[in-house]
Amino acid sequence: MTTTAPAPTPYRITPARVLRSEWHKLWTLRTTWVTLLAAAALVLAVGITMGSTYDGDDSDVDTVVFVLFGTQLSQICLAVLGILVTAGEYATGMIRASLTAVPRRLPVLWSKAAVFTAVAFALCLVTNVVTFLTAQIWLADTDKELALTDSGVLGALAGNAAGVTLLSLIALGLGALLRSVPGGIGAFVGAVLVVPEIVSTLPFGGVDAVVRHFPAQAATSLGSLTRVQDTLAPGPALLTLVLWALTTLAAASFLLRRRDV
């Protein structure tokens, strides 16, 4: 008597397939295109404005910080997109299908984070380089004239992109934690942008050292040619941001396994 082995199923859940699924989900949303284009346009528009109107009054401001001033606006766009990537699925009910297809759950969250990180960093870096080069058209023959190949320029542009990306990744984690788009946006604005400003006013010793390790403050150390006063060095600042992002995602992962959809 012979037995026939069951035919292997052609559909297996693999990391590559989960990543591909999250990649397609991200790019098929109209909000992704609108948010990414808005983020890039804000940085470029502000950079052109800063360069074309420069009259020497801000000579003490770091050149890279000066031309990339618009990243303070684009940060909000990318943070909102990060929240939509996770909390948006709870709002539409799509998360049920996602977790049914991937019962282990965690690969869904971490694939979302990986895809979003790659897209956000690539967009920020390309936008930063284009904005820098465009602004230099007007900054030529001024004290802010720099070339892309000058020492530290590419590092500062990449550092700025890394800072914005990691802050947005924290927003993605908050969206997964709270499962609410308005809640995620409120938590990001409140905890990441507002709370450090409140804490810095407290009359206690060591407050400044604590505030330097908040995400938004650590990010300011990554996008400049020179060390910003009263901030962390770039290396510790990058490590701090990575730890904040990983902690947020770890908390979201824990609750994703424990809570019902």
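Predicted model: local features only at pLDDT ≥ 70, side-chain atom pairs only at ≥ 80, totals over all residues.

Begin by selecting helix α2, residues 30–52, together with helix α4, residues 71–92, which pack with their axes 8 Å apart and at an angle of about 170 degrees. Because angles over 145 degrees count as roughly antiparallel, α2 is described as roughly antiparallel to α4. To see where the two helices touch, show the side chains of the contact, including Thr-35, Leu-36, Leu-42 and Val-46 on α2 and Leu-73, Cys-77, Leu-81 and Leu-84 on α4. Coloured by class, the contact of α2 with α4 shows eleven nonpolar and five polar residues, with no charged ones.

Next, select Thr-71, Gln-72, Ala-216, Ala-219 and Thr-220, which, of the 29 residues lining the largest pocket, are the closest to its centre. The largest pocket has a volume of about 660 Å³, and the elements that give two or more residues to its lining are α3 (63–67), α4, α7 (153–178) and α10 (215–219). By class, that lining has 13 nonpolar, eleven polar and five charged residues.

Finally, move to the second largest pocket, with a volume of about 290 Å³, by selecting Lys-25, Leu-29, Leu-84, Val-85 and Glu-89, which lie nearest its centre among 15 lining residues. Which helix supplies the largest share of this lining? The largest share, five residues, comes from α4, while α1 (15–27) and α6 (106–139) each supply at least two. The lining of the second largest pocket divides into seven nonpolar, four polar and four charged residues.

Terms used. Residues numbered from 1 in each chain as written. Heavy atoms only, no water. Axes fitted to C-alpha atoms, helices over the stretch in contact; angles between N-to-C directions. Helix = DSSP H or I, 4+ residues; strand = E, 2+ residues; numbered from the N terminus. Parallel < 35°, antiparallel > 145°, perpendicular 65-115°, else oblique. Contact = heavy atoms within 4.5 Å. Nonpolar A, V, L, I, M, F, W, Y, C, P; charged D, E, K, R; others polar. 1 Å grid on protein atoms, 1.4 Å probe; cavity = no way out; pocket = protein on both sides within 12 Å on 5 of 7 lines; lining within 4 Å. Points joined across faces, edges and corners; volume = space filled by probe spheres on them.
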